[in-house]
Amino acid sequence: MTDTAGRPVVNFEALFHQAPCGYLVTDDGGRIAAVNDTFVRWTGYSRTTLLGTKLQFLMPVGDQILYATHCIPQLGITGSVSEIAVDIVGADHIRRPALLSASRFAAAGQESGSIRVIIFSAHERRLYETELVSALRAAEESDAKRALAEQELRRLALHDALTGLPNRAGLKARFGAAPHGGTRERKSLAALFIDLDHFKAVNDSLGHSAGDNLLVSVAGRLAAAVQASGAVARLSGDEFVVVDEVAGTDDATALAASLLDVMAAPMHLEGLEIVISASIGIAVAQGGDDTVEDLIRRADIAVYRAKERGRNRWELHRPAPSDPAVDRLRALGELRRGIGEGALRVHYQPRIDLRTGRASGVEALVRWQHPTRGLLPPSEFIAMAEESGLVRPLGAWVLDETLKLAESLRRNDHHGAGLEFAVNLSARQLNDPGLVDMVEGALERRSMDPALLLLEITETALMSDPGAAVESLNALKNLGVGLAVDDFGTGYSSLMYLKKFPVNELKIDRSFIMGLGLDTGDGAIVGSCIDLAHAVGIRAVAEGVETSGQAQALQDMGCDLAQGYLFARPLPVPQLREWLASHA
Amino acid sequence: MLGALTAEAVAKRNNVTVLGRADGPVMLFAHGYGCDQDMWRRLVPYFAADYQVVLFDHVGAGHSDLDAYDREKYGTLDGYATDVLEICAALDLADVILVGHSVSAMIALIAAAREPERFARLILVAPSPRYTNDADDGYVGGFSHEDIEGLLKSLDSNYFAWAEALAPMAMGNPDSPEYAEELRSSFCRTNPSIARHFARVTFLSDSRSILDRVQCDSLILQCSDDLLAPPEVGTYVHQHLGHSTLVHLQTTGHCPHVSAPEATAGAILQYIGRRP
């Protein structure tokens, strides 16, 4: 059938009533003026009940609030709303998930305003969206939980569990690694190293728990005696450190004297009244070059003198007004003797494949067991070795030690098979014409597969004489050994040399890793270093990884290898073997 | 402290719009929950000829700077009141007639208690100092805690509708072609997580104690049939707020400035014209 204009005649009333969705017409206030059969059937209400009822009253209260605060204004201002998710509560009190779209027609002449509404049943879609949103909420919650756990871990890492005082790392975090001279308001930083006298005797005679109680009350006394600008830390056992700003050495020694007084008050342990004493070494920052670490080390030296001179006293560490040339000669003599007398050690830090979580190799790190200063890291003596030329025999010795270990692991220990061995090369070694022969000789002597040796060169060393470096590196490359750029990001960060030098690996400097998760800038730097490495087809390695948060972030960014205290410290050979066996 | 922010910084953060007569008395409009400054569109024309009209979006709503959203600051209505005062200071607004709808009526009262000298009059559209009932003292706010939990569920159900990227295409309405498609799809859109937090802050707050600390002249506009602000609530506000005038509008619903702009504007103009 057609009308007079030739258009097919449609039964609009049937279309209205039998449409596959609910149709309603309401006034501006939402009062239902017309409703189709589909909606009547779907909700189970009678038509007479629905007519005159406000549409929003068919929704649960939460939906009503949303409808009143969001949808009605939108209808009023823009004239329509689309696909609002609501529940329609049926005559059986069961909620029916639905999507609501509506258009508003303003009043015109005699006609008052009206709203045309379409309501679709949307059970499946609502179910799907609800699942998505609850998954999202769960993810948000677990993120928040992880952040809390990390915060707690960080707190734990920076504090001593027994006394609650900061530990060495906590002290460094508080005062930073930067030098502290007497610049700020003419105040200098001072460190007081406090060692309890005869603590071992307390432990031995009264037991460990009494010893622990003693340490806790000493911690409390020190904390109470130090002003807010300062900090008290427990380094280990019966060793405490107080760091504070002082006006000068007199100020520092006065503080030491007052601390000795505080300690001298009797305390009660296991029903006994005991009196303890301590020896204190003092170091005051001078001239702006001392870091907190330096101060603690100097105060540590002074405390030994205090002990030697009869305990229960303080001693000030005075850097000897010495001739630097004489100092250097003396230090060089010590190092030369050290090498000869076997005072140098190589420790090995595992390198972890972040995809498998297993060790893929180790980095060899040299240590010097100094007769008075303790175990020294390479930063304390390599520069000196470089300047004097001692680095040649030293470097050759480290390489040989490492390859000797590799050989032994290969022969006797199936856990060590296939491990890569990374050894550091200094700038001076790189420019040494004998380097390639030395490496080749060492490889042959220990029957080492060159592909399992990785030589690490710092970015700064590479850039000191790039022309010579390219030559040496190419020659090493021809031997079949791998090459890594160490401390990447601290030097020139030049993209050029990544292409020019035949390197296999880029090691991102620890200072950036430390900032992961704390500073978005560092995250971005680490991310782009990794991308950069991958863009030129080489591995990215992170050093100094200390938290699981950092490891997770690195893994998420696609970093290949990682090393750091989180996995393992640099270990002497026996401990390395144990570690490898337990992490196989 | 206040006034430390530049006009540009505040304008960016709160998407401030200035309209109307530049040398006229200042009217500052604060939108309520679930909306943004667009909701004033039908009301503003009644004032633009004689008043300087300042509109803004609360942080988290409309085109405000979402990066400025700080869960701690906006964890109470006080944080929103700080923004209102910062807008006044940055734009150097004086003798302000502050119009607040719904939760923003309470935000207006907090702002007026903190800086009384800034405001000439307060216009409180559909105010409620507390949406939930208080069993301890018999206060009737109209909702239970379960109702508000239900609201949060409804918000979650509309999560994807709030999120701009997935906004459904509005099909348009031949009856109101004057509104561009852009407005239809962006109207009162908000970040779903912020909408959820703001809902908690709005509907679980109790601002009753602010009422007797405000000395400013104020007009309470009460609608009939308002789900969010029943008549008892309007009477409560009137009784506890000194210098207040209560006017019942002959319109239903929670948004008289949208559904009956002429009557709403008439009541406001009559009130602010009553005394100079």
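Visitor: What is the orientation of α1(B) and α2(B) to each other?

Guide: Oblique. In general, two packed helices are described by the angle between their axes and the distance between them. Here α1 (residues 7–14) and α2 (residues 77–90) of chain B have axes that come within 9 Å and cross at roughly 140 degrees. Angles under 35 degrees count as roughly parallel, over 145 as roughly antiparallel, 65 to 115 as roughly perpendicular, and the rest as oblique. Axes are lines fitted to C-alpha atoms, for helices over the stretch in contact, with angles from 0 to 180 degrees between N-to-C directions. Helices are DSSP runs (H or I, at least four residues), as are strands (E, at least two), numbered from the N terminus.

One caution: this is a predicted model, where local features need pLDDT of at least 70, side-chain atom pairs count only at pLDDT 80 or more, and totals for chains, interfaces and linings use all residues. Residues are numbered from 1 along each chain as its sequence is written, with chains lettered from A and ligands numbered from 1 in the order in which they are written.

Visitor: What is the handedness of the crossing of α1(B) and α2(B)?

Guide: Left-handed. That word applies if the near helix is turned anticlockwise from the far one by less than a right angle; clockwise is right-handed.

Visitor: Which residues of α1(B) and α2(B) meet?

Guide: Ala7(B), Val10(B) and Asn14(B) come from α1(B). Contact requires C-beta atoms, placed from the backbone, within 7 Å. By class, this contact has four nonpolar, one polar and two charged residues. Ala, Val, Leu, Ile, Met, Phe, Trp, Tyr, Cys and Pro are nonpolar; Asp, Glu, Lys and Arg are charged; the others, Gly among them, are polar.

Visitor: At what angle do the axes of α4(B) and α7(B) cross?

Guide: Roughly 165 degrees, and the axes come within 10 Å. The pair is therefore roughly antiparallel. α4(B) passes α7(B) in a right-handed crossing. Ile148(B), Leu151(B), Leu152(B) and Leu155(B) of α4(B) touch Ala195(B), Arg196(B), Ala199(B) and Phe203(B) of α7(B). Seven of these residues are nonpolar, none polar and one charged.

Visitor: How many residues of chain B are in contact with chain A?

Guide: The size of an interface is often given as the accessible area lost when the parts come together. Here we count residues instead. Chain B puts 43 residues in contact with 32 of chain A. α4 (145–157), α5 (159–162), α6 (181–186) and α9 (256–259) of chain B each supply at least two residues of that side of chain B. α4(B) gives the most, with eight. The chain B side divides into 21 nonpolar, 13 polar and nine charged residues.

Visitor: Is Ala252(A) buried or exposed?

Guide: Buried, because Ala252(A) has 26 C-beta neighbours inside 10 Å. The cut-offs are 20 or more other C-beta atoms within 10 Å for buried, 12 or fewer for exposed, and partly exposed in between, with C-beta atoms placed from the backbone. Ala252(A) sits in α9 (residues 249–264) of chain A. Beyond neighbours within four places in sequence, Ala252(A) contacts Ala190(A), Val246(A), Ile282(A) and Val284(A).

Visitor: How many residues of α5(A) are buried?

Guide: One among its 36, so α5(A) is hardly covered. Now check its length. The expected span is 1.5 Å times one less than the number of residues. For α5 (residues 123–158) of chain A that should be 52 Å, and the end C-alpha atoms are 53 Å apart, which agrees.

Methods. Two residues are in contact if their C-beta atoms, placed from the backbone, lie within 7 Å.
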